[in-house]
Amino acid sequence: MKQSTTMRRVWAGWRWRKWLVPLGLGAAVLLLGLSLMIGILASVDAYMGREAEDVAADAGSGGLLTNMAFDAAVFHAAWDKGFGHGVLANQEQYTIAAAQNAGVNPALFAAIMANESGWGTSRAVRVDNNPSGQMSGNQVIHFSSIEAGIDGTAATLHNLVVVRGLSTLTALQQAYAPVGAGNDPGNLNSGWLSAVTSIIKQFMTPADADALLTGKGASNANVKIMGDKMSYFDQAYAAASAQLGKPYVFGANVSGANPTGFDCSGLVQWALRKAGISLPRTAQDQYDATKRLSKSEVKAGDLIFFEHTYSGPRITHVGIVLSSTQMINAAGSNVNIATYTSSYWQAHFAGFGRVK
């Protein structure tokens with residue numbers, strides 16, 4: 001498999017360094033000032049007319065590709081078979097940790113590296129420690145070590161999937177490996193989507209791959225629940241998981257049988273109503289209507305709340321607990337399964353709640 005020559009971005013910062021040196025200090029200050037003003041205006045625009053908990057969640061969830069479903073045995077078998085004879089053979093655990101820290105699924109991470117590096121055999125990965133085809137213009141970026149190259153991959157995927165919210169593989173390709181890119185004279189990017197999709201399926205169970213790629217196929221059997229589960233969990237989770245991939249819609253009308261979109265508290269209210277549980281509409285009111293729990297008491301089906309993700313009411317986001325690390329929620333661009341133990345969510349964690 002040939003190394004792709006697509007433009008990649010490791011850190012947005014390299015572009016600043018490239019321009020700031022020739023511009024000089026005065027011009028650099030002006031440029032940074034303009035950038036700050038643009039950033040402020042963009043932030044104001046993002047906040048207008050949106051429910052608070054979901055604005056902040058754009059920086060903490062990227063949708064389908066942040067679904068962290070992970071079967072270690074399936075992943076290891078694929079890694080050993082594919083990477084076993086390349087320079088990445090001993091980097092399985094480092095890659096898993098890097099993916100989880102970046103907030104993206106390890107199978108996505110591994111599939112991109114496999115496609116871009118010819119399963120760890122390309123010149124870019126052997127000579128430049130670059131496992132994911134990242135480039136500056138027409139030049140392959142050189143990393144000081146394989147670990148540094150994996151970290152660079154993590155930074156790029158975190159920026160694209162989590163920060164920018166490119167929640168599907170199709171959306172990710174448009175930024176990561178766009179068809180017709182000037183530095184892809186062989187048009188290798190035209191096959192990127194199908195190749196990465198195929199490799200992802202090698203690293204995951206069929207149901208987990210379906211959930212990651214399409215938002216469908218998630219089932220209770222794929223959720224490693226935390227001890228006992230609430231009596232209504234199966235029914236509520238079946239309702240909520242059937243909505244995976246549906247778009248985030250501020251102030252969504254969730255009174256009907258099949259809403260076209262959800263915000264966070266709307267999803268929780270709608271899913272629990274399907275299980276015969278009545279809750280108020282907002283995250284703050286749902287917090288007030290539930291009983292506080294210690295971590296050791298939490299069961300699948302309990303609620304998890306987050307605070308101060310914007311300036312407003314204290315409680316600004318809510319999800320339904322699935323396991324010791326995962327929740328189903330509406331955040332960012334759509335309904336997705338997110339890792340609530342990530343640094344973003346833990347920084348805003350407010351507590352668990354149980355329906356009274």
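This is a predicted model: local features need pLDDT of at least 70, side-chain atom pairs count only at pLDDT 80 or more; totals for chains, interfaces and linings use all residues.
**Close-up views of ring pairs and salt bridges**

View 1. Look around the pair and you will find a cluster joined by ring pairs: Phe-306, Tyr-340, Tyr-344, Trp-345, Phe-349 and Phe-352.

View 2. The structure holds 14 aromatic pairs. In this one, Phe-83 and Trp-119 lie 4.9 Å apart, centre to centre, with 55° between the planes. Phe-83 comes from helix α3 (residues 72-83), whereas Trp-119 comes from the loop between α5 (106-117) and α6 (123-128), 36 residues away. Phe-83 is buried at 0% relative accessibility, and Trp-119, at 16%, counts as buried too.

**View 3. Arg-292 lies over the face of Tyr-287.** Here a charged side chain meets a ring: Arg-292 is 3.8 Å from the ring centre of Tyr-287.

**View 4. Asp-302 and Arg-354 form a salt bridge.** Side chains of opposite charge can pair when their charged atoms come close. For Asp-302 and Arg-354 the N to O distance is 2.9 Å. Asp-302 lies in the loop between β3 (290-293) and β4, and Arg-354 in strand β8, so the bridge ties together parts that are 52 residues apart in sequence. Asp-302 is buried, with a relative accessible area of 0%; Arg-354 is counted as buried at 19%, since the cut-off for buried is under 20%.

**View 5. Asp-263 and Arg-281 bridge two loops.** The closest N and O atoms of this salt bridge are 3.0 Å apart. Asp-263 sits in the loop between α11 (233-241) and α12 (264-274), and Arg-281 in the loop between α12 and α13 (283-288), 18 residues apart. Asp-263 is buried, with a relative accessible area of 1%, but Arg-281 is partly exposed at 24%.

**View 6. Arg-314 reaches Glu-307.** Our last stop is one of four salt bridges in the count. The side chains of Arg-314 and Glu-307 meet at 2.6 Å, N to O. Arg-314 is partly exposed, with a relative accessible area of 36%.

Methods: Residues are numbered from 1 along each chain as its sequence is written. Side-chain values use heavy atoms; hydrogens and water are left out. Rings of Phe, Tyr and Trp (its six-membered ring) pair if their centres lie within 6.5 Å; planes under 30 degrees apart count as stacked, over 60 as edge-to-face and the rest as tilted. Helices (H or I, at least four residues) and strands (E, at least two) are DSSP runs, numbered from the N terminus. Buried means under 20% relative accessible area, exposed over 50%, partly exposed in between (1.4 Å probe, protein chains only). A charge sits over a ring if NZ of Lys or CZ of Arg is within 6 Å of the ring centre and within 35 degrees of the ring normal.
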